[in-house]
Amino acid sequence: MAEPKKSDETVDATPNVTEIVQQDASTTSEVEAILDTRVDRGEPILQVRNLVKHFPLTSGILVKKQVGAVKAVDGISFDLYQGETLGIVGESGCGKSTVAKLLMTLEKATAGEVFYKGQDITKLSGRALKAVRRNIQMVFQDPYTSLNPRMTVGDIIGEPFDIHPEVAPKGDRRRKVQELLDVVGLNPEYINRYPHQFSGGQRQRIGIARGLALNPEIIICDEPVSALDVSVQAQVINLMDKLQGEFNLSYIFIAHDLSIVRHISDRVGVMYLGKMAEIGTDEQIYEHPTHPYTQALLSAVPVPDPEAREHRERIILSGDIPSPANPPSGCRFRTRCWKVQDRCSTEVPLLAIPERFQGLDSPVAHESACHFAEEKDVVGAA
Amino acid sequence: MSIIDTTKTIPAPRGDGEHQGPLLEVRDLHVEFHTRDGVAKAVNGVNYSVNAGETLAVLGESGSGKSVTAQAIMGILDMPPGKIPQGEIFFRGEDMLKMSAEERRKVRGRKIAMIFQDALSSLNPVLSVGYQLGEMFRVHQGLSKKDAKARSIELMDKVKIPAAAARVNDYPHQFSGGMRQRIMIAMALALEPDLIIADEPTTALDVTVQAQVMDLLAELQREYNMGLILITHDLGVVADVADKIAVMYAGRIVEQAPVHEIYKRPAHPYTKGLLASIPRLDQKGQELFAIKGLPPNLLKVPTGCAFNPRCTMAQDICSTDVPVLHPVAEQDGTELVGRGSACHFWKETIHG
């Protein structure tokens, strides 16, 4: 499987972060905060800075006029390091899948940068983009609609080789596909079967094999197990864990199931309405959450332990997530927050280590976009 | 209109005295589907019962027969291809499978109501929600359109839809997922039934909204003292609300137990595996335990215990003899009330 990967593009591995900081003064502290918290994990493989995606809303039939925008992603920054898993959680409509599409450059970003090894991929096109895409692959949510029913498994997994012929010479492809099937735990003899002959879990393995075909460095998984049965979920999660170790992959793992995200992730980002509410290591987020939204989200997850139901404190949020076409001013969570004060409607809280926790050598000190951040153990893990 | 009784507006008081025993009792129910490829045995002898005010959770993976059982109880099974070759479903002591279609229709909606999983596809997109809610009153109670609408608004208030009076003429697409599920709940509650069957009521919802909806359901259940059958695959949701649990696998109940017992000491390898395979929010685990293999194809269910090809404890007897639901007892022989396990080796499973 292993082979010399990546094209020989020599790019400056350090993105010019200072330049970005100068460009956008309002986010200075945000970017600096991210740089400050960097422990020795080497150079990030992917750096996302102030990523924005607005989908225009138009009116008029002949003469289209933009009347507004759905602010699906509105200024997101994070880093991804080699070999780590970054989980992204949030409710439906918070923009997590749009982030995935932007990282894959399937959607064009309205603003912001995505640096892959120092190169801004949002500005790339043509051959250069194709070369980058080889290293960033995706596994989709629904294993039923993401595989073409008219193609055999061999064709589905081998299709990336048609687009990037340099990875596998023509005569070698069948063998490579069989190797991939073996790697994801399917019988290599199934190469001529069609997707409908497989169960949901097996199909998701096929999806993963396709994602692995080009030896990527980053795999973006958008809800990879949410369509699967409980007993099959564990199989797929274990497989992904194993593959990460084997191929030194970096995952961006998008899901709404907080328990699964905790299991697989090294770091977790919590999104709300197009913004990152809180980001930190799994311990920081799950055991020491400081953002009220994270606390509410965690407390709402049903725990498979009936003993807990009497004494577990639950924060039940009222209402639904507001429309991203018309998000609340200031802090976007303020309409559902129980701590809301005047300041929240006027001042957008920045994603940074809250002042009161700065300099503390404790898991509480992580980035949280709340004016009134305080620790609260809602999971009862400590 | 004549077929439907229009005189009775208030449902009979709970526990009307005539009938002792459980509200609903399913006995040895079998359901099969005759398809081109053969007979798919979806339900193979299910027994369970629910009392007023009690919550029974039916847990199982897709294809385990949990929804088909519910459809048979509601009488909304597609027949053909579905067929009920044997079994009885007693509601207040009366076998519903022996009722005429007309009698059945009087029970449905008024005595037993159902909440479906996907609220968007369960509501008619071209009719306002007020009209759809009011249909219950117009058809079952013969109310006028105006009165029915007034009752709809009351109901929407009851399920905590904000500004109910203003939203009664809105269409389903104008509501969010959580609000739509509330409308489904309102519809099920309309005639104050004795029993509600909720088929994966929160699976399509976000966790924060799921918590709201489950809370609402529990509150209304207490208020009306209804029986609730909660069908789900989520072990977390079950732990939060259920009184007792029936775990289904390949059309059979493999384990039955009060909720506190089953999480502490599962007595069936399938339940044990299921519990071990879910990641926990409050602890960072190592590698997850995975039940190997796949749920069985209902056209060819394995002989003996249907779980035997995936079971870590399987022995020869498991592939030949179908295990009955053994009563589960402590090591010293005292029986554990309400527990049963369909495993030849339940003793080894529960007592180590």
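Before anything else, a word on what I mean by touching: two residues are in contact if their C-beta atoms, placed from the backbone, lie within 7 Å. Please also bear in mind throughout that this is a predicted model.

With that in hand, let me begin at Ile229(B), which, once residues up to four places away in sequence are left out, touches Val50(B), Leu56(B), Val58(B), Ala70(B), Ile197(B) and Ala198(B). As general background, nonpolar side chains in soluble globular proteins tend to be buried together.

The domain assignment divides chain B into domain 1, covering 24-242, and domain 2, made up of 248-280 + 287-351. Taken over C-alpha atoms, the centres of these two domains of chain B are separated by 28 Å. Their contact draws 22 residues from domain 1 of chain B and 15 residues from domain 2 of chain B. On the side of domain 1 of chain B that touches domain 2 of chain B, at least two residues each are supplied by strand E2 (38-50), strand E3 (55-59) and H9 of chain B. The largest share of that side comes from E2(B), with 10 residues. Sorted by class, the side of domain 1 of chain B that touches domain 2 of chain B holds 10 nonpolar, 8 polar and 4 charged residues.

Let me turn now to the contact between the chains, to which chain B gives 41 residues and chain A gives 39 residues. On the side of chain B that touches chain A, the elements giving two or more residues are helix H8 (207-224), helix H9 (235-241), helix H10 (259-264) and helix H11 (269-277) of chain B. H8(B) gives the most to that side, with 7 residues. By class, the side of chain B that touches chain A comprises 19 nonpolar, 13 polar and 9 charged residues.

Moving over to chain A, we have 13 helices and 11 strands, and of the 382 residues in chain A, 47% are buried. Among contacts in chain A between residues at least 6 apart in sequence, 67% join residues at least 24 apart.

Helix H5 of chain A (residues 153-163) and helix H6 of chain A (residues 173-183) pack at an angle of about 115°, their axes being 10 Å apart, and the crossing of H5(A) and H6(A) is right-handed. Which residues meet there, from H5(A) and from H6(A)? From H5(A) come Gly154(A), Ile157(A), Gly158(A) and Phe161(A), and they meet Arg173(A), Arg174(A), Val177(A) and Leu180(A) in H6(A). By class, this contact of H5(A) with H6(A) has 4 nonpolar, 2 polar and 2 charged residues.

Arg151(B) and Gly134(B) are 17 residues apart in sequence, yet their C-alpha atoms are 7.1 Å apart in space. By contrast, Glu192(B), in the loop between H7 and strand E8 (195-199) of chain B, is 13 residues from Leu205(B) in sequence and 25 Å from it in space, C-alpha to C-alpha.

Finally, the backbone: most residues other than glycine have a negative phi. Asp28(B), although not a glycine, has a positive phi of about 50°; its place is in strand E1 of chain B, residues 24-35, and it counts as exposed because it has 11 C-beta neighbours inside 10 Å. Lys160(B), also not a glycine, has a positive phi of about 60° and lies in the loop between H5 and helix H6 (164-167) of chain B.

Key. Residues are numbered from 1 along each chain as its sequence is written. Chains are lettered from A and ligands numbered from 1 in the order in which they are written. This is a predicted model: local features need pLDDT of at least 70, side-chain atom pairs count only at pLDDT 80 or more; totals for chains, interfaces and linings use all residues. Helices (H or I, at least four residues) and strands (E, at least two) are DSSP runs, numbered from the N terminus. Ala, Val, Leu, Ile, Met, Phe, Trp, Tyr, Cys and Pro count as nonpolar, Asp, Glu, Lys and Arg as charged, and the others, Gly among them, as polar. Domain bounds come from an automatic or database domain assignment. Axes are lines fitted to C-alpha atoms, for helices over the stretch in contact, and angles run from 0 to 180 degrees between N-to-C directions. A crossing is left-handed if the near helix is turned anticlockwise from the far one by less than a right angle, and right-handed if clockwise. A residue is buried if 20 or more other C-beta atoms lie within 10 Å of its own, exposed if 12 or fewer, and partly exposed in between; C-beta atoms are placed from the backbone.
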